[in-house]
Amino acid sequence: MRIRLAATTAVAAGALTALSAVPAQAAEYDSALKIRGIQYDAPGSDSNRCSGGNTAQEYLTIKNYSRSTTVNLKGYVVKDAAGNKFTFTASHSLQPGDYVKLRGGNGSDSDANNVVYRDNCNFMWNNDKDTIYVYKPSGSRADVHSYTKSGSDADGNGYISYHG
């Protein structure tokens, strides 16, 4: 009886260790829509002026990884750790394998050019560290990733890839 109890306890402890070793941002969600990458640090000196600033050089790429389902972005929400958020209010359909770049600043949204602008000249992503959340219209989480400049951006170019 003791051997069985000890073995069961050891297996349970090992399972708990394995579960606690997986970082929260590595969780996979049941969603075709995933974060492909982020340009969290716009090239050059940060300037959030609407005219002449470089906010549009900061962007999040979201991709439809489904092989057969088109996803309409209307109602999807993108947030950061501080609670800054953007909601896709217009229909924007992503075919299987297609992507969209969610850019800061002002501009013309375009399905043909795969771009949506936040119509906000403030930077959304922190240059040192942040967490990116993508929520489905239902409110359930589609994807999440955290980054740190020193730990996630090996080449120091301000861009990080996720999900290939």
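Thr 61 has Lys 101 in strand S7 as its bridge partner. Strands here are DSSP runs of E, at least two residues long, numbered from the N terminus. The model is predicted, so local features need pLDDT of at least 70 and side-chain atom pairs count only at pLDDT 80 or more, while totals for chains, interfaces and linings use all residues. Residues are numbered from 1 along each chain as its sequence is written, and side-chain values use heavy atoms, without hydrogens and water.

Strand S2 (residues 59-64) and strand S7 (residues 99-103) run antiparallel and are joined by five bridges. Two strands pair if DSSP finds at least two bridges between them. Both belong to an open sheet of five strands, ordered S8-S7-S2-S1-S11, with mixed pairing. Strands S8 (115-117) and S11 (159-161) are the edges. Each has a single partner strand, so one side of each lacks a neighbour in the sheet.

Four aromatic pairs were counted. Rings of Phe, Tyr and Trp (its six-membered ring) pair if their centres lie within 6.5 Å; planes under 30 degrees apart are stacked, over 60 edge-to-face, and the rest tilted. The rings of Tyr 40 and Tyr 147 are tilted, with centres 4.7 Å apart and planes at 35°. Tyr 40 lies in the loop between strands S1 (33-39) and S2, and Tyr 147 in strand S10 (residues 141-148), 107 residues apart. Tyr 40 is buried, at 0% relative accessibility. Tyr 147 is also buried, at 3%. Buried means under 20% relative accessible area, exposed over 50%, and partly exposed in between (1.4 Å probe, protein chains only).

Definitions and conventions: Helices (H or I, at least four residues) and strands (E, at least two) are DSSP runs, numbered from the N terminus.
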